[in-house]
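Please read the following note beside the sequence and the structure. The points are numbered so that each may be checked in turn.

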Amino acid sequence: MLPPAIASQPGNMARQANATRVPRPAPGFDQGFLMTSPVRPTHTPVVTPGLSHASGHPVRVGISQCLLGEPVRYDGGHKHDRMITDGLGPYVEWVPVCPEVEAGFGVPREAMRLVGDVAAPRLITLRSKQDQTARMIRYTRQRSRDLRALNLAGYVFKKRSPSCGLRRVPVYTRDGHVLGTGTGMFAEAFQKTFPLIPVEDEGRLRDRDIRENFLERVFGYHRWQTCLLESPLTRGALVSFHTAHKYLILAHSQRHYRQLGSYVANAKRFTPRQLAHTYGRLFMEALAVRATRRKHVNVLQHLAGHFAHALSQTARRDLHDVIHDYQQGCMSLDAPVTLVRHYVRVLNIPYLQDQLYLAPYPRMHAPGHTGRQGHA
Ligand code: SF4
């Protein structure tokens with residue numbers, strides 16, 4: 001049996017579930033899992049412009065150039081990270097940036113570090129003690145303009161670098177003692193200029209959950225930017241975008257799910273500019289909230305509630321068992337999601353076919369990627 005009374009749960013989602021409960025299997029599929037064999041009209045999937053992964057716009061992600069294996073470090077070396085290039089490379093188009101080389105410091109060059117006030121450190125060369133802060137700030141302003149034109153959807157920074165480090169970069173006193181930690185000068189400026197673009201450092205991306213969440217945010221941001229680029233943001237376009245992301249948002253944050261739902265319902269009160277600004281901020285905030293196993297089970301049960309009644313008792317039990325096993329930590333998230341996606345496809349449920357929760361980013365056989373794992 002499926003978890004009890006999914007269909008009777010109160011709220012918008014249940015109402016929507018009732019409104020869209022017309023499961024119709026796609027022709028040609030084995031229908032042994034069905035309770036009945038309903039008549040099936042042909043279904044043309046509703047494709048919302050700008051929501052597909054194949055939008056025609058490349059998914060560009062900035063990256064500290066040394067992580068790609070380019071010999072741009074102060075000593076002429078590199079920090080090639082195969083977990084990044086092999087694990088994320090197949091999904092994105094890299095935009096390599098080495099702030100220190102591009103600012104004109106050359107290779108090899110004198111090493112630098114952050115010195116002084118932890119909240120506003122200076123960039124100082126190690127041996128000759130030259131202050132290069134102004135030069136880096138000038139470069140950063142110019143480069144930010146170039147990067148804006150490239151519509152980046154994410155950025156991977158080299159950890160602990162005085163230019164690229166996102167967090168825990170040592171800040172020293174003038175006489176060389178560690179005073180505290182801060183953010184690399186370029187990374188700090190980048191985040192101030194592009195506050196919604198998902199960023200991570202290569203150290204954190206070794207964690208599979210963080211890596212998958214980063215991909216979700218990168219593709220979520222890319223779809224949002226594509227939606228804004230392809231046409232002026234009308235209320236209709238916003239509703240389409242939000243509808244396709246409902247379950248993905250719910251898997252991360254119920255609070256944002258309610259907030260965004262109410263914002264979209266009241267969209268008429270806002271200008272397109274206000275809509276784009278507020279929705280984009282809340283949407284990216286939502287995806288950054290950790291999606292737990294409990295939240296995923298909640299979403300899977302809601303999804304199953306749309307079509308469970310059309311399944312045979314055996315198929316319903318199997319689906320329940322897979323969700324239960326995931327809940328108990330016996331299998332990865334990929335298993336129940338794949339099964340739900342299968343039923344959504346063969347039962348031909350348009351509303352669910354467009355749900356990005358079932359495919360938040362393209363499926364690729366990248367080394368080191370073993371499918372969505374979910375969280376403990
Ligand atoms: S950490 Fe940043 S500045 Fe340093 S070599 Fe790598 S890309 Fe260049």
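1. Trp94 is partly exposed in this predicted model. The count behind this class is 17 other C-beta atoms within 10 Å; a residue would need 20 or more to be called buried, and 12 or fewer to be called exposed. Trp94 therefore falls in between.

2. Where does Trp94 lie? Its place is in strand β2. Leaving aside residues up to four places away in sequence, Trp94 touches Val61, Ile63, Leu68 and Gly89. Trp94 and Ser64 are 30 residues apart along the chain, and 9.7 Å separates their C-alpha atoms.

3. Strand β2 belongs to an open sheet of four strands, in the order β2-β1-β5-β8, with parallel pairing. Two strands stand at the edges, β2 (93-97) and β8 (199-201); each has a single partner strand, so one side of each lacks a neighbour in the sheet. On average, neighbouring strands of this sheet are turned by 25° against each other, direction ignored.

4. Within that sheet, strand β1 (residues 60-64) pairs with strand β5 (residues 154-157) in the parallel sense, over three bridges. Ile63 stands opposite Val156 in β5. Ile63 is also one of the residues that Trp94 touches.

5. Which helix lies across β1, β5 and β8? It is helix α6 (residues 208-230), and α6 runs at about 145° to β5.

6. A further open sheet of four strands has the order β4-β3-β6-β7, and its pairing is mixed. The edge strands here are β4 (122-125) and β7 (178-182), each of which pairs on one side only. From one strand to the next, the twist averages 50°.

7. Strand β3 (residues 112-115) and strand β6 (residues 169-172) pair in the parallel sense over two bridges, whereas β6 and β7 pair in the antiparallel sense over four bridges. Leu114 has Val171 as its bridge partner in β6, and Val115 stands opposite Tyr172 in β6. Tyr172 in turn has Val178 as its bridge partner in β7.

8. The student may next compare the two faces of β6. In a regular strand, side chains alternate between the two faces of the sheet. In β6, Val169 and Val171 make up a covered face, while Pro170 and Tyr172 make up an uncovered one.

9. How many residues lie between β6 and β7 in their hairpin? There are five, and Gly176 in the turn has a positive phi of about 95°.

10. Which residues of α11 are buried? They are Leu319, Val322, Ile323 and Tyr326. Seen down the axis of α11, these buried residues fall within an arc of 95°, so they line one face of the helix. The face turned away from the buried side carries the exposed residues Gln313, Thr314 and Asp321.

11. The cover over the buried residues of α11 includes α10 (293-305) and α12 (334-346). Just after α11, Gly329 takes a positive phi of about 85°.

12. For the protein as a whole, there are 13 helices and eight strands. Buried residues make up 38% of the 376 residues. Among contacts between residues at least 6 apart in sequence, 69% join residues at least 24 apart.

13. The confidence of the prediction should be read together with the points above. The protein averages a pLDDT of 85, and 82% of the residues score at least 70. Over residues 1-52, however, pLDDT stays under 50; the model has 81 contacts beyond four places in sequence for this stretch. The pLDDT is also below 50 over residues 365-370, a stretch with 10 contacts in the model beyond near neighbours in sequence.

Notes:
Residues are numbered from 1 along each chain as its sequence is written. This is a predicted model: local features need pLDDT of at least 70, side-chain atom pairs count only at pLDDT 80 or more; totals for chains, interfaces and linings use all residues. The arc is that of the directions from the helix axis to the C-beta atoms. Two residues are in contact if their C-beta atoms, placed from the backbone, lie within 7 Å. Two strands pair if DSSP finds at least two bridges between them. Axes are lines fitted to C-alpha atoms, for helices over the stretch in contact, and angles run from 0 to 180 degrees between N-to-C directions. pLDDT is the predictor's confidence in each residue, from 0 to 100.
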